[in-house]
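Biologist: I have a structure open on my screen and would like to learn how to read it. Could you walk me through it, beginning with the contacts between charged side chains?

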Amino acid sequence: MTDLDDPQALRLADPQGMLGAVLGMSNDCRAAYDSARLAEALPSSEGVTSVTFCGMGGSAVSGDVVRSVFLERLSLPVEVNRSPVLPKHCGSHTLVVCSSYSGDTAETLAAFRSALERGCRVLVVTSGGAIAEEASEHGVAVVSVPPGYQPRAALGHLGFASLGALETMGILPPLASDVDEAVAEVTAVIGAMGPDVPTEENPAKTLATRIGDRCPVIWGADGIGSVAAARWKTQMNENGKLPAFWSSMSELDHNEVVGWTAPYGGRFLVVGLRHDGEDPQLPPRFPLSYDIVRAAGGEVEEVHARGTSALARLMSLIMVGDLTSVYLAIGRGVDPTPVPVIERLKAALAGS
């Protein structure tokens with residue numbers, strides 16, 4: 001076990017600097033948004049009737065952010081496609097945003113090529129790779145983000161570059177105040193839960209310690225809570241190196257709650273992600289559902305969002321989860337950065 005309050009121990013347990021990458025989130029968000037607002041030669045938004053984000057893993061989360069945050073502010077449908085198959089409806093009136101941090105994601109490349117063949121309006125957000133090269137060959141707009149990150153640590157760049165570009169195109173409404181608040185709230189989370197804040201005063205370190213070797217189950221209210229829950233789950237997987245699961249309220253009350261039976265609950269800890277913008281039907285469900293978990297032997301913790309805008313609330317929840325996942329790994333003596341299982345899987349697929 002690593003002492004989370006020992007600066008030297010933190011550095012030794014995190015040799016590739018995942019904690020430092022996570023702590024750069026607010027600067028990443030600001031820089032990416034400001035840069036994308038100056039982007040030129042973007043696709044025309046005239047006549048666009050739908051937006052489809054194509055991406056995998058951490059690169060797809062920017063689409064989840066747009067879809068959930070602007071659900072009630074956009075008249076255009078927004079979907080997130082985590083597949084090499086581009087939906088049939090995508091055509092000349094569809095804006096297809098291809099988000100691939102590495103630029104070499106096979107599924108995203110396949111969807112990108114299909115979008116070109118169908119005459120879609122295409123925007124690429126990437127740090128380079130094959131998709132950047134092919135976009136240049138076909139005269140497709142590219143919003144570039146800095147290389148050198150793990151894709152899951154590049155959310156600030158990918159997500160806020162997408163927001164800035166879509167605002168510049170006129171797809172999204174003016175976002176300056178939303179972005180300012182989101183950056184401020186992410187900065188506030190870092191100030192309250194950064195590595196210099198001792199465990200007894202640090203909610204992220206405390207939660208990581210409480211999770212320990214249990215499987216975290218993340219619940220979020222439908223909308224931004226669900227997006228945050230999905231992000232927490234994957235960060236617990238990739239950074240924390242633990243199985244983790246997520247569910248959306250109130251969907252989970254129609255199925256998952258039946259599975260919370262003794263003695264199995266003792267293997268899990270439920271983290272409820274809450275925010276002040278939840279649909280009025282949802283808040284009463286959380287405590288009742290927590291009671292079911294506790295009766296099965298499980299434990300429960302809640303994390304509350306900061307801020308007033310949907311973007312700020314979502315990013316504050318994401319930031320707490322990112323920090324918790326890194327502390328979870330380090331506290332258990334695990335390097336949060338490498339993902340050897342994924343690398344072995346890719347190598348096996350390449351050789352098959």
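Modeller: Gladly. A salt bridge here is a side-chain nitrogen of Lys or Arg within 4 Å of a carboxyl oxygen of Asp or Glu. Please keep in mind that this is a predicted model.

Biologist: Thanks. What is the general idea, and how many salt bridges does a search of the whole structure find?

Modeller: Side chains of opposite charge can pair when their charged atoms come close. Searching the whole structure gives 19 salt bridges. Take Glu 167 and Arg 37, whose side chains meet with an N to O distance of 3.5 Å. This pair links distant parts of the chain, 130 residues apart: Glu 167 belongs to helix H7, and Arg 37 to the loop between helix H3 (25-36) and E1.

Biologist: Are those two partners buried or exposed, or in between?

Modeller: Under 20% relative accessible area a residue counts as buried. Glu 167 has 11%, so this residue is buried. Arg 37, at 33%, is partly exposed.

Biologist: Which side chain does Arg 82 meet in a salt bridge?

Modeller: Arg 82 meets Asp 64, at 2.4 Å from N to O. Here again distant parts of the chain are linked: Arg 82 is in the loop between E2 and E3, while Asp 64 is in helix H4 (residues 61-69), 18 residues apart. Asp 64 is buried at 7% relative accessibility, whereas Arg 82 is partly exposed at 41%.

Biologist: And what separates Asp 291 and Arg 294 in helix H12?

Modeller: About one helical turn, because they are three residues apart in helix H12 (residues 285-295). Asp 291 is partly exposed at 44%, and Arg 294 is partly exposed at 45%.

Biologist: How many bridges join strand E1 to strand E3?

Modeller: Five bridges join E1 (residues 50-54) to E3 (residues 94-100), and the two strands run parallel. To find the pairing on your screen, look for Phe 53, which stands opposite Val 97 in E3.

Biologist: Let's turn to aromatic rings. What should I look at?

Modeller: A pair of aromatic rings is described by the distance of the centres and the angle of the planes. The count for this structure is four aromatic pairs. One of them, Tyr 101 with Tyr 149, is edge-to-face, with 6.4 Å centre to centre and 85 degrees between the planes. Tyr 101 is in the loop between E3 and helix H5 (106-118) and Tyr 149 in the loop between E5 and H7, so the pair ties together parts that are 48 residues apart in sequence. Tyr 101 is buried at 4%, and Tyr 149 is partly exposed at 27%.

Biologist: Why is the pair of Trp 260 and Phe 268 described as edge-to-face?

Modeller: Because their planes are at 75 degrees, with the ring centres 5.7 Å apart. Planes over 60 degrees apart count as edge-to-face. Trp 260 is buried at 11%, whereas Phe 268 is partly exposed at 21%.

Biologist: Which residue lies over the face of Phe 286?

Modeller: Arg 274 does, at 3.9 Å from the ring centre. Phe 286 also forms one aromatic cluster with Trp 219 and Tyr 290. Elsewhere, look for Lys 205, whose charged end sits over the ring of Tyr 327, 5.7 Å from its centre.

Technical notes
Residues are numbered from 1 along each chain as its sequence is written. This is a predicted model: local features need pLDDT of at least 70, side-chain atom pairs count only at pLDDT 80 or more; totals for chains, interfaces and linings use all residues. Side-chain values use heavy atoms; hydrogens and water are left out. Two strands pair if DSSP finds at least two bridges between them. Helices (H or I, at least four residues) and strands (E, at least two) are DSSP runs, numbered from the N terminus. Rings of Phe, Tyr and Trp (its six-membered ring) pair if their centres lie within 6.5 Å; planes under 30 degrees apart count as stacked, over 60 as edge-to-face and the rest as tilted. Buried means under 20% relative accessible area, exposed over 50%, partly exposed in between (1.4 Å probe, protein chains only). A charge sits over a ring if NZ of Lys or CZ of Arg is within 6 Å of the ring centre and within 35 degrees of the ring normal.
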